[in-house]
Amino acid sequence: MIIGSKLYYFDSVESTNEYAKTLTKDAPEGAVILVDEQTGGRGRFGKQWYSPKGGIWMSVILHPPDPSLIAIIAGIAVCKALHMNGVLPGIKWPNDIVLNGKKIGGILTEIIDKIVILGIGVNLNIREFPDELEATASSVFLETKKHLEKKMVFDTLCKQLDDCYIMLKQNKVTDLLTEWRHYTILLGQQVVIEMPDKELSGKVLDISRDGALIVMRSDGKIMRVVAGVCHLRKK
Ligand code: BTN
């Protein structure tokens with residue numbers, strides 16, 4: 001296995017992604033940093049990531065040939081690991097893991113000197129969220145009333161990530177995208193995508209081989225979206 005070639009486990013760090021950055025020169029590819037809690041967990045767009053005890057907070061050091069599909073394979077691996085434990089979340093592009101319409105996990109990839117730090121957060125057994133997150137965030141426990149053993153889910157997740165990463169290294173992109181289509185909640189849905197300078201509304205048609213979302217606007221024009229925040233339009 002590449003993923004988990006070395007495990008760094010701590011009770012608490014500020015952010016596993018930040019810790020991973022201090023190891024990039026020394027740690028082997030696939031090294032995983034796993035902690036019980038983060039005191040300054042980070043999300044996309046510089047947001048904070050609520051990371052108390054009970055979640056899976058981890059970062060993986062990777063040397064991929066091309067980083068563009070790393071978040072995609074991480075989403076597949078998280079969904080597979082939870083599905084194997086009887087919990088059925090989906091992927092909301094680019095990298096939200098959602099269950100019953102609420103976010104239960106997220107992925108933050110950062111690139112330093114061609115090395116990818118893949119950060120994964122899964123709200124597994126968290127029993128409450130701060131007021132400001134309650135409307136949008138949840139956990140596996142709150143949504144299913146199941147308490148899954150963290151070590152078991154972590155081990156399954158590493159194995160699934162390893163399988164997907166090997167497929168990526170073998171350039172089996174068609175197979176990986178087939179898996180993504182199986183888990184995404186977006187295909188055929190009307191969405192609004194917020195980008196830094198504009199907004200795009202339309203119907204999701206597919207994902208491209210480099211991880212961009214393919215969206216058809218109401219005027220029929222097909223757009224490729226490489227980054228943004230995606231919202232499902234209310235029916
Ligand atoms: C998002 O905004 O959806 C991405 C959240 C990523 C959170 C994980 S938890 C482990 C790793 N360390 C961090 O500080 N962030 C990521």
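A molecule is said to sit in a pocket if more than half of its atoms lie within 2 Å of the pocket's grid points. By that rule, the ligand here sits in the largest pocket. Keep in mind as you look around that this is a predicted model.

**Around the ligand**
- The ligand is surrounded by 18 residues, and the closest include Ser15, Gln38 and Lys103.
- Sorted by class, this shell holds five nonpolar, ten polar and three charged residues.
- Two or more shell residues come from each of α1 (16-21), β3 (56-62), β6 (102-112) and β7 (115-122).
- β6 gives the most, with four residues.

- In serine 15, an N or O atom of the side chain is 2.8 Å from an oxygen atom of the ligand.
- For glutamine 38, an N or O atom of the side chain is 2.9 Å from a nitrogen atom of the ligand.
- Lysine 103 has a polar side-chain atom 2.6 Å from an oxygen atom of the ligand.
- On its own the ligand would expose 420 Å², and the protein buries 98% of that.

**Two hairpins to trace**
- Strands β9 (residues 199-207) and β10 (residues 213-216) run antiparallel and are joined by four bridges.
- Across this pairing, aspartate 206 faces isoleucine 214 of β10.
- Five residues lie between β9 and β10 in their hairpin, and glycine 211 in the turn has a positive phi of about 90°.
- β10 also pairs with β11 (residues 222-225), antiparallel and through four bridges.
- Here leucine 213 stands opposite valine 225 of β11.
- The β10 and β11 hairpin has five residues between its strands, with glycine 220 in the turn at a positive phi of about 90°.

Terms used
Residues are numbered from 1 along each chain as its sequence is written. This is a predicted model: local features need pLDDT of at least 70, side-chain atom pairs count only at pLDDT 80 or more; totals for chains, interfaces and linings use all residues. Side-chain values use heavy atoms; hydrogens and water are left out. A residue is near a molecule or strand if one of its heavy atoms lies within 4 Å of it. A polar contact is a pair of N or O atoms within 3.5 Å; within protein, one must be able to donate a hydrogen and the other to accept it, and residues adjacent in sequence count only if both atoms are side-chain atoms. Accessible areas come from the Shrake-Rupley method with a 1.4 Å probe; for residues, only the protein chains shown count as cover. On a 1 Å grid over the protein atoms alone, a cavity is a set of points where a 1.4 Å probe fits but cannot get out, and a pocket is an open set with protein on both sides within 12 Å along at least five of seven lines; lining residues have an atom within 4 Å of a point. Ala, Val, Leu, Ile, Met, Phe, Trp, Tyr, Cys and Pro count as nonpolar, Asp, Glu, Lys and Arg as charged, and the others, Gly among them, as polar. Two strands pair if DSSP finds at least two bridges between them.
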